[in-house]
Amino acid sequence: MSATRYLASLLRPRNAVVALALLAALPYLNALSADFVFDDIFLYERHSAVQGPFDLRGILSARYWEKLEETALWRPLTTLSFAVDHAIAGNSPAWPHGVNVALHVAITLCGFALTRRLCGAGSTRERAIPFIA
């Protein structure tokens, strides 16, 4: 197979999806074996709404930065996500890091699908889409 044909085959939608998923995931796979760092310690490991018994009302009403009195930041879906992660995997950082990698792959593929739809599938512009996503 010539190099031109090989490159053209990589640009087919199915191949592009696989390539984009790999390119989105591979740089972050080392996070699966990493510990919690920086804000993870306060937002996951030490947050009472995340660590305590699963109480939906408490989780959705909790401040994001629980230990900082001067902040009024409220992110209920993020706190809920952390609480669900904790309910599934406890204090293991591999699960929430894996969820982050999966979300990164998902949003990359959504960007690819949106760009493909906006540019028109089957058009000559479609060949550039994997490089944009």
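Predicted model: local features only at pLDDT ≥ 70, side-chain atom pairs only at ≥ 80, totals over all residues.
## Aromatic pairs

The model contains 3 aromatic pairs. In one of them, phenylalanine 36 and tyrosine 44 adopt a tilted arrangement, with 4.7 Å from centre to centre and 35 degrees between the planes. Phenylalanine 36 and tyrosine 44 are both buried. Another pair joins tyrosine 44 to phenylalanine 82: the ring centres are 5.9 Å apart and the planes stand at 75 degrees, so this pair is classed as edge-to-face, the cut-off being over 60 degrees.

Tyrosine 44 belongs to helix α3 (residues 39–45), whereas phenylalanine 82 belongs to helix α6 (residues 76–89); the pair therefore ties together parts that are 38 residues apart in sequence.

## Aromatic cluster

Phe36, Tyr44 and Phe82 make up one aromatic cluster.

## Charge over a ring

A contact of another kind involves tyrosine 64. Arginine 75 is placed over the face of the tyrosine 64 ring, at 4.7 Å from the ring centre.

## Helix α7

Helix α7 (residues 94–119) has 26 residues, which at 1.5 Å a residue should span 38 Å; the C-alpha atoms at its ends are 37 Å apart, so the two values agree. The expected figure uses one less than the number of residues.

The buried residues of α7 are Pro96, His97, Val101, Val105, Thr108, Phe112, Thr115 and Cys119.

How values were computed. Residues numbered from 1 in each chain as written. Heavy atoms only, no water. Phe/Tyr/Trp six-rings, centres within 6.5 Å; stacked < 30°, edge-to-face > 60°. Buried < 20%, exposed > 50% of the residue type's maximum accessible area, 1.4 Å probe, protein only. Helix = DSSP H or I, 4+ residues; strand = E, 2+ residues; numbered from the N terminus. Lys NZ or Arg CZ within 6 Å of the ring centre and 35° of its normal.
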